[in-house]
Amino acid sequence: MRFKLLFGATLLSIVSVARSADPQPYLVHIDSSGSGALNAALRASSQLDSLRTKAPVGPFALVDRAQQDIGRLQAVLNSFGYYRGSVAVTVNGEPLDDPDLPAQITALPKSQSAKVEIHVDPGVLFHIRKVMIEGTVSAAALKAMNLPSGAAAIASDVLAARERLLTAVEDEGHAYARVEEPVAYLDGTEPVLDIHLQVDPGPRYVLGAVHIEGLKHVKAAFVDRQLATLHPGDPYTPTAIERVRTTLLGLGVFSVVTVRLPPQREVQDDRVPITFVVAEQPRHAVTLSAAYSSDLGGSAGATWTDRDFLGNASQLALSANVIDAGCTVCNGLGYDGSAQLTKPDFLRNDQSMQMGLEALKQYLLAYDQIEAIARTNLTRKLSSLWAVSVGATLEQEQVLQDQYACNNPKYAPGIVPNLPPDETPWCHYTLLGFPVSGRYDSTGLTDPLAEPQHGTRLSLSVTPTRSFFGPVHPTFTILQAVVSHYFDFERLGLSAPGRSVLALRATGAEAVGAGQFSLPPDQRLYAGGSATVRGYAYQSVGPEFPDGNPTGGTALAAGTVELRQHLFGNYGVAAFA
C-alpha cells in the first residue's frame, strides 16, 4: 500500500478553555529520542513544556493541552523522517483517555504538581528511494537540487531542495518558472519515500528595463551606478538580481529592498522589466551605549550618525565615549572620541573608502597614552568571501611607561630600574603606518552582532610603520593573523541548529624590524583580556618590569576553544579554555 504525503507547514490554532477555577501546577518530562536535534525540536514544539509557567491551566484544560501536543510532536517526528514513530502522554501514570483523569488531577493537593510524561518512540528513519521530476529540467538544474537517493527523508531538506531547483531553473532565464510543493509517496512495507516534483519552467526571458522606486533623499544617479551591473538584454538570472539587491541593502540607507516583476501576461516579447522598491531609513540616528568588564571597568558614550551624508549613501559618524571608569588595570579615567566618514561605491561598485579622526586618552598599568590619529583606508570586496584593504595612518602620541626612559640625555632609551618618578618623562612619537589586510568570511552573516554558527573567519594584516621625532626612529612591521572556526553540533545530529556550537580561535602576531624597547610601548604586543586570554586582566600576561607592571613583547600566540550552549530565549552559556 502507498500513502500520499504533502510536505508543508500546517498552522494549528488551539484555544484552551480552563474548566477548573484553580490552575494545576505540573512538571513535564520528555523521553530522549536518541537525537539531540530531534529532542530540541520536540521540546520547542511542545506547548505542555513552553506554556507550563506562562499559561497555567486547570485539570480539564491540561488534559486537552496534552492531547493537542500528541499531534504537534507527531508532526515533528514526521518532519525528521520518522513516519512510523509514536507519541503517548500520561499524567501521573494514567493515559489521557481515562475518563477519571481530570477528577484525579483535581483531587491532588494544591502544593502537589502533576507529573506529565511524554513518551516518544521515533521508530525507523525513512530514506529517499528516488526523486521523480515531471517537466523539462536541465541536467545542471537537477544537479543543483542536490537531493540524492539514500538521503534521510527530512522534510526541511526536501523543501530546501525544491527551492534550489527553482532557483537553478530561474537562473537559466525562466523568470516565471514554477516548482510545485514536493509530494512524497510512502511505501507501505519499506521505510523509504519516493519524492515527486512537478516543474513548469515556462519560456526563457532576458532582462528588460531596470527601475527603482521609493527614493526620497538618496540621489538617483548614485543608485543607478549600483544597478549598472544589470544590462537590458542580458539573460534573466535571479542570482545577479539578488546580488544587486543585497548590495543596495548593504549601503545602510535602506531599511527594505524588494524586487518586483510584472505579471507574466504583461511582459512584451521576451524582455522582463524589473523594479527595485526601496524604503529609506531615517537619515539621522543617535545611539547610546554602555558596557562593563571586571578589568577595564565601565564605559559609556553616544554616537550621532548621518546615514546619507551629501546624498550618496556616505555615512558620517561622530562618537564620544568615557572609558575606564572603575578600571582595575588603569590609573584613571579616559576618553575616546572619533569622527568617521565612509564612502561606498568609491571609484567602483565593490569598493569603499573610510576616513577618520580619533582622540584617545587612557591610563593603563602598562602605559599612559594621549594620542591623536588620522587614518584612511580603501576596502575592496573581491568576492562573497574575500575582501582586501589598504590604508595609511598618522599618529601623534605621548606615552608614559613605568621605568622606561626616553627624551632624557641621562639615559639611553630603555629600562632603567628604580628610575625616579620625577625623571620618568612622557615619550613623544610620530608614527606613519601603511596597513594592508585581507579578510575571509564563510559564516554567511551580514549582521555584525549575530553569533556565527558555522564557517570560518580569517584576518591577515601587515602594517609597516615608521617612527619619526621620537627617542628612537625604527622602521618596524607588525604581522598579525587571526582565524576563527565554528562548528554546529547539528551537523552530527546532536542538537538543534545553532543550539550547541564549538568555536575555535587562534591568534598569532609578531613585530619585526625593531627590538622590544625600540618599539613604542603602545605598539608592543600584550596578552590578557577577552581578545586573547580570558580569565586574566587586560594586558596582564607577558613580560613585566621588576615591579610587576607589563612591558609588552615582540611576539604573541594565543588559542581558544569554546563551547557555546543556547538555553532558552536570548540566554545561553559558554565554557572555554
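Modeller: Accessible areas are computed by the Shrake-Rupley method with a 1.4 Å probe, and for residues only the protein chains shown count as cover. On that basis the protein chain exposes about 29800 Å², of which carbon and sulfur atoms supply 57%. This is a predicted model, in which local features need pLDDT of at least 70 and side-chain atom pairs count only at pLDDT 80 or more, while totals for chains, interfaces and linings use all residues. Residues are numbered from 1 along each chain as its sequence is written, and side-chain values use heavy atoms, with hydrogens and water left out.

The C-alpha atoms of the protein chain fill a box of roughly 95 × 75 × 45 Å along the principal axes. The protein chain holds eight helices and 28 strands (DSSP runs numbered from the N terminus: helices are H or I with at least four residues, strands are E with at least two). Of its 577 residues, 39% are buried (buried is under 20% relative accessible area, exposed over 50%, partly exposed in between, with a 1.4 Å probe and protein chains only). If we take the contacts (heavy atoms within 4.5 Å) between residues at least 6 apart in sequence, 62% of them join residues at least 24 apart.

Now to the pairing, the salt bridge (a side-chain nitrogen of Lys or Arg within 4 Å of a carboxyl oxygen of Asp or Glu). By this rule the structure has 15 salt bridges.

Arg 72 and Asp 69 meet through their side chains, N to O, at 3.4 Å. Both residues belong to helix H3, which covers residues 59-79, and they are three residues apart, about one turn of the helix. Arg 72 counts as buried because its relative accessible area is 11%. Asp 69 is buried too, with a value of 0%.

Another salt bridge joins two strands. The closest N and O atoms of Asp 200 and Arg 178 are 2.9 Å apart.

Arg 260 and Glu 213 form a salt bridge with an N to O distance of 2.9 Å. Arg 260 is in strand S11 (residues 254-260) and Glu 213 in strand S10 (residues 206-213); the two are 47 residues apart, and the pair links distant parts of the chain. Arg 260 has 40% relative accessibility, which means that Arg 260 counts as partly exposed. Glu 213 is partly exposed as well, with a relative accessible area of 36%.

Salt bridges can also share residues: Arg 129, Asp 187 and Asp 194 are linked in a network of them.

A different kind of link can be set beside these. A disulfide is a covalent bond between the sulfur atoms of two cysteines. The structure holds one disulfide (a pair of cysteine sulfur atoms within 2.5 Å). Cys 327 and Cys 330 form it, with their sulfur atoms 2.0 Å apart. The link of Cys 327 and Cys 330 is right-handed, with 60 degrees about the S-S bond. Cys 327 is buried at 12% relative accessibility, and Cys 330 is buried at 11%.
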